[in-house]
Amino acid sequence: RTGRRMDRSRHVVHIGDVPFGAEPFVVIAGPCAVESAEMISHAAECVGKLGANVLRGGAFKPRTSPYSFQGLGMPGIELLQKASRTHGLPFVTEVLSESDVEQMAECVDAFQIGARNMQNFALLEAVGRTGRPVVLKRNFGATPTEWLLAAEHVARAGSDQIILCERGIRSFGDETRFTLDLAGAMWAQDESRLPVIVDPSHAIGLPRLLKRAAAATLAAGLDGLMVEVHPEPSEARCDADQALTPELFDELMAHLKRFTVERPLL
Ligand code: PEP
Ligand code: MN
């Protein structure tokens with residue numbers, strides 16, 4: 001069992017020039033999906049101005065229903081890259097298929113492996129072989145140990161640039177979208193040598209609860225947040241109910257700052 005605090009300095013992972021697992025608390029923000037050039041550029045501008053450190057957005061969307069919007073695919077990655085460079089934020093985006101890994105590795109700042117692919121071992125290994133940073137989400141049915149073993153698959157393929165992301169697990173009740181397992185995230189942080197962030201948007205699904213969940217994540221000593229922010233949530237083609245408006249994201253950032261006496265935001 002590794003005492004994380006003891007060799008904390010060895011666990012820092014960078015997305016672009018943004019460090020995860022160092023002292024500052026890091027914020028990844030952006031829409032669920034890239035919808036158009038204007039929309040992702042506007043979203044990047046908003047979240048950057050409001051204090052996000054990294055841009056998120058999906059071009060390949062793992063939708064539960066095959067009839068839902070599946071994302072713009074590779075052209076969406078180009079739009080993300082453009083928005084990211086224009087507004088000075090590195091970006092992370094989900095990879096769904098092993099066959100896209102090589103092409104994406106040339107242009108993404110970090111891969112996201114979604115909850116549904118946490119144990120897609122061929123995909124984990126393909127991403128690991130590129131050496132690019134990866135945000136590995138926990139599957140909603142996985143134990144923390146299974147999550148860390150999934151990370152080992154990436155590591156064994158050749159990359160230690162792994163950030164773990166808790167995004168809610170299935171328990172019972174649908175009052176919140178999933179159940180945010182902060183304790184599981186803390187356990188994974190202590191047990192592994194890796195930075196751990198929390199995605200309260202997918203875990204909880206209710207914009208009004210996110211700022212408190214964000215503050216709890218900071219207070220728990222975790223390494224950062226991933227939140228969905230959309231310039232016009234009611235128009236979103238994916239996860240419309242859970243996206244924060246830029247105004248609510250501004251409130252969340254202001255709320256976080258109240259808890260940073262001992263721990264600065266990046
Ligand atoms: C997402 O980040 O948009 C997403 C699909 O997340 P998850 O894999 O956690 O459901
Ligand atoms: Mn989403």
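Let's start with one residue: isoleucine 28 counts as buried because 29 other C-beta atoms lie within 10 Å of its own. Buried means 20 or more such neighbours within 10 Å, exposed means 12 or fewer, and partly exposed is in between, with C-beta atoms placed from the backbone.

A word on the model. It is predicted, so local features need pLDDT of at least 70 and side-chain atom pairs count only at pLDDT 80 or more, while totals for chains, interfaces and linings use all residues. Residues are numbered from 1 along each chain as its sequence is written, and chains are lettered from A and ligands numbered from 1 in the order in which they are written.

Back to isoleucine 28. It sits in strand 3. Strands are DSSP runs of E with at least two residues, helices are runs of H or I with at least four, and both are numbered from the N terminus. What does isoleucine 28 touch, beyond residues up to four places away in sequence? The list is Ala52, Val54, Arg56, Val92, Gly224, Leu225 and Met226. A contact here means C-beta atoms, placed from the backbone, within 7 Å. Aspartate 199 is 171 residues away from isoleucine 28 in sequence, but 9.1 Å away in space, C-alpha to C-alpha.

Now strand 10, residues 224–228.

Strand 10 has partners. Strands pair if DSSP finds at least two bridges between them. Strand 3 (residues 26–30) runs parallel to strand 10, over 5 bridges. There, isoleucine 28 stands opposite methionine 226. Strand 9 (residues 196–198) is also parallel to strand 10, joined by 2 bridges. Isoleucine 197 faces glycine 224 in that pairing.

Aspartate 239 is buried because it has 20 C-beta neighbours inside 10 Å. Its phi is near 50°, a positive value in a residue other than glycine. Most residues other than glycine have a negative phi.

Next, the core. A nonpolar core is a set of buried Ala, Val, Leu, Ile, Met, Phe, Trp, Tyr and Cys residues joined through C-beta atoms within 7 Å. The largest one has 83 residues, and Val54, Val127, Leu136 and Leu164 have the most contacts inside it. Helix 1 (residues 37–49) gives the largest share, 6 residues.

Take valine 127. Leaving aside neighbours within four places in sequence, it contacts Val95, Val101, Phe111, Ile113, Arg132, Val134 and Val154. Valine 127 is one of the buried residues of helix 4 (residues 121–130). Just after helix 4, glycine 131 has a positive phi of about 75°.

Last, ligand 1. The residues around it are Cys32, Gly58, Pro62, Gly114, Ala115, Arg116, Lys137, Arg167 and His202. Each has its C-beta atom, placed from the backbone, within 6 Å of the ligand.

Key: Contact = placed C-beta atoms within 7 Å.
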